Amino acid sequence: MKRKDIEYTTVSEVAGPLMIVEGVKDIAFNEVVKIKTSFGEERTGQILEAFEDKAVVQVFEGTRGLDTKNTSARFIGETMKLGVSKDMVGRVFDGTGNPLDNAPPIIPDERRDINGDPINPCAREYPREFIQTGISTIDGLNTLVRGQKLPIFSGSGLPHNELAAQVARQAKVLGKEEKFAVVFCAMGITSEEANLFIKDFENTGALERTVMFLNLADDPTIERIILPRMALTCAEYLAFDLDMHVLVVLTDMTNYAEALREIAAAREEVPGRRGYPGYMYTDLAMNYERAGRIKGKKGSITQIPMLTMPDDDITHPIPDLTGYITEGQIVLERGLHKKSIYPPIAVLPCLSRLMDRGIGKDKTREDHAGVSNQLYAAYAEGCDLRDLVAIVGEDALSDRDRKFLQFADEFEKRFVSQGPHEDRSIEQTLTISWELLSGLPVSELKKIDETYIKKYLPPVKEEK
Amino acid sequence: MSEIVGKIVRISGPVIEADDMRGSKMYDVVRVGDENLIGEIIRLNEDIATIQVYEDTNGLKPGEKVISTLEPLSVELGPGLITNIYDGIQRPLPAINKQTGDFIARGVEAHALDRKKKWHFKPTAKRGDKVKGCDIIGEVQESTIILHKIIVPPDVQGVLSSVGKEGDYTIEDDIAAVTTDKGNVKLKMLQRWPVRKARPVAEKYDPSLALITGQRVIDTFFPVAKGGTAAIPGGFGTGKTVMLHQLAKWSDAQIIVYVGCGERGNEMTDVLREFPVLEDPITHEPLMNRTVLIANTSNMPVAARDASVYTGITIAEYYRDMGYDVALMADSTSRWAEAMREISGRLEEMPGEEGYPAYLASRLAEFYERAGRVKLLGSKNKEGSVSVMGAVSPPGGDFSEPVAQNTLRIVKVFWALDADLADKRHFPSINWLKSYSLYLEEVSDWWEKTVGKDWLKLRNRAMALLQKESELQEIVKLVGPDALPPRERGLLESARMVRENYLQQSAFHEVDTYCPGKKQYEMLRLMLKFSDKIQEAVGKNVHIDDIISIKSRETLARTGTVPNEEFEKRFKSLEQEMENEINSLIKGRVK
């Protein structure tokens, strides 16, 4: 009998998502396990810890209904792999890689280990191609570039899904028509939320170029661990083998991290901060670092992970560790949302680390960097003054300060706020910026080069 | 000793256990499994050795063999290090790229240093010379600016029995021989040294020379000395990496070792892309020609992350032993500490604070202690230094966590990065009220001798001004700025000038990115003069709003971007203009 046909019925323990099988032979770390329950139902698992005669298995579809008497396990002799093919585009898959759309299974071109290998830093191409999302706060202040990983930090009840859908819908590189695909990976979101994306993709015709991996809120938690890995394996194939520009949307990373904690707890590991495992940083990085560009390859992977900050707390381990790995962050704020500003992007804590190389002459416009810095500084000052006004009243302010205060209000109303279907070009964004800046004294525009002030600052309007 | 071959009995992520390993030593390197993965022994219990594996363990099977090399984890030292980029265990990434393509596969073997390349060796010692460890026997031009000194290994002492003639050699060719007490020792350009053991020195000196970094807030306010240690803690987005890149670019050390430990892949790519193009302000050669890079990005195996800082510091010590001033940047030491935590967790050790192992503090101390300005072993009483600058990434930006706290107990300079400043795009976001440098006294000598006699006085005046500003800001928050007396409003304006235009410095502006010492001094002097003139004018009843709307104020604000070649001339005329403008305001008032 071949090794992979041996069925072990020696399950000795089942705890949380884990199962221990004794008396096994010749098993490998991270090998995939096929499990049959006493009702004949088949499930998949993976070896988390391998001993000479014992395996600790994490069961993907949950351990409900497993027993220590009749349950059997079969070790299939390979680690978790995903069959990849160009036909995956336009299809929907579940957490184990099986199709969910009632269409026949795909015929894989190749089977790939879902853990992937790290990209050699020497082989990376530095991302610098401007992606226009049509959203002023992103394009103007936190520019997204191809190959970047830029997460959206949100809170429960904020319109992050709408924002992500808008980005997926509008994102384009100026002046180029290239092969483009979206990989959408949903971890533990509700079917309602998933439908929002599906409908949006349908309406815009994007569904045909989208690969969906779905693990909804009522699907087994444990599958959430492998879902982004599968999605990214698929994305790597599309990007680096088929030359496509791939936008990967991962939502919601908070559910992913919760699943990670669940397994760690079941294994009785020493917990790190707030019960999350000490290796969460490494684990998240294994996913996030799979974005980027490679020298000599046409395709690219741009990642937009989304997460809900528990209690809107940006210092919570999930957003915190994410921010340490990703190249910036877009932060949504409840206060702006309550003021009916869409998208409620809290400009000050946002950042795009790759922005500097993606903007400027020949990419966006020569004045972009200066304008962006000036908007930031002026808005920050305006926000500070708001606190002051709350105490001393507006009358106590100097003329200069009053202008900054006004600037902050106008900035939120005209620059941050825009419609969910409004697709602003970078020129429009910059024009609005200059109009806003013209409300400030010219001598305060210290962050912008004088030549650009002369060239772009609109003439001062006569006061009526 | 005969070969030790054991077999795997347990695999748990990057940690495995192997049986039949009796006879191996702690920290010996082993080859694991059929793919010959590299690992290191971290615990021994009778026949069982616990091993951390430096590569991904997917698909590894219990029962596969483990072979001990009986040697500790070592780095290869010799010409060819400069301009190279290595992973955590010193495998050259460009060579791996050629071997296995764009992704790093497992079980790759590649020599750290090219075995075939010939280097032009010039002997500087002769037969019959008495030599000790770190004595120089010859030179190789390693890059356009680095003269690689071929030194006697620290543990060799005796009389040179032969030295090779000038000519081209590979690093494995014999180039000299030394007759020692224990027999004849052949020397090659290639040497090895175990990474976890500090290279010996004759004596440690107190650091006293300033390491000029071209960053105003650092050089003027919180200087670091050659051979000193500094920590840069800050939450994400506060600019740690940009800061370290700036230091790596502009520090006046002769050799830079940059360790990317558990950080982003694109950041290393950025260094790889920029450094060959950027020019060193002193030698006008590409910065890459004095740089060694270690890149163990966050998605590369975690055990190798632990090794990467040791690999880096050992290479730094090697160049120090040639008599160079070396600066090492580690980004980020928190990731290294987390790697320790992960391995410790897998070993089921009793955790200390926040799950970190109890030995966290001693490991950090050991590492930073390898920095210093030292008297070298050799017979010539030469000096060298290793300065260490480490980024710390505290969770949630909260400096009370174990890694930041344990680091601060050791290092002498603390550059506190502040998220509020970063949000306002005040970069570098070093908080001037929280940061400190214990080298201030030591380095002020150098500044006062070479730049300006009143350097320390100016610096302290500016610091006091900023301190006073923060006190006044508290009052402003309650009563508004208009309610302050004119003198205080003048102080606020002066402090704003220093804060916005001296402390802030753009890393991305081609001129502002590097500010020479003399220019720093002159800028500060002008700004304080502006402050004095404000007070003088206010005292003569000139309205503060009139003063701050003078034209030279704007010019003063833009002094950072005045090209370094012409600043002296332009500053002089600016000074004159400023005095004239304020004087005429005073005159107008008196009439």
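This is a predicted model: local features need pLDDT of at least 70, side-chain atom pairs count only at pLDDT 80 or more; totals for chains, interfaces and linings use all residues.
Residues are numbered from 1 along each chain as its sequence is written, and side-chain values use heavy atoms, with hydrogens and water left out.

**Interface of chain A and chain B**

- The contact (heavy atoms within 4.5 Å) takes 83 residues from chain A and 77 residues from chain B.
- Between them the two chains bury about 6600 Å², 52% of it on carbon and sulfur atoms, where buried area is the accessible area (1.4 Å probe) lost on putting two parts together, summed over both.
- There are 10 salt bridges between chain A and chain B, each being a side-chain nitrogen of Lys or Arg within 4 Å of a carboxyl oxygen of Asp or Glu.
- Arg357(A) forms a salt bridge with Asp270(B), and the closest N and O atoms are 3.1 Å apart.
- Among the elements that give two or more residues to the side of chain A that touches chain B are helix 9 (355-358) and helix 10 (368-392) of chain A, with helices being DSSP runs of H or I, at least four residues, numbered from the N terminus.
- Helix 10 of chain A gives the most to that side, with eight residues.

**Nonpolar surface patch**

- Ile391(A), Ile475(B), Leu478(B) and Val479(B) make a nonpolar surface patch of about 360 Å².
- Helix 11 (residues 455-479) of chain B contributes the largest share of the nonpolar patch, three residues.
- Leu478(B) lies in helix 11 of chain B and is exposed (over 50% relative accessible area, 1.4 Å probe, protein chains only), with a relative accessible area of 58%.
- Patches are made of residues with over 30% relative accessible area and no salt bridge, with like charges joined within 9 Å and nonpolar side chains (Val, Leu, Ile, Met, Phe, Trp, Tyr) within 5 Å.

Note on methods: Chains are lettered from A and ligands numbered from 1 in the order in which they are written. Accessible areas come from the Shrake-Rupley method with a 1.4 Å probe; for residues, only the protein chains shown count as cover. Buried means under 20% relative accessible area, exposed over 50%, partly exposed in between (1.4 Å probe, protein chains only).
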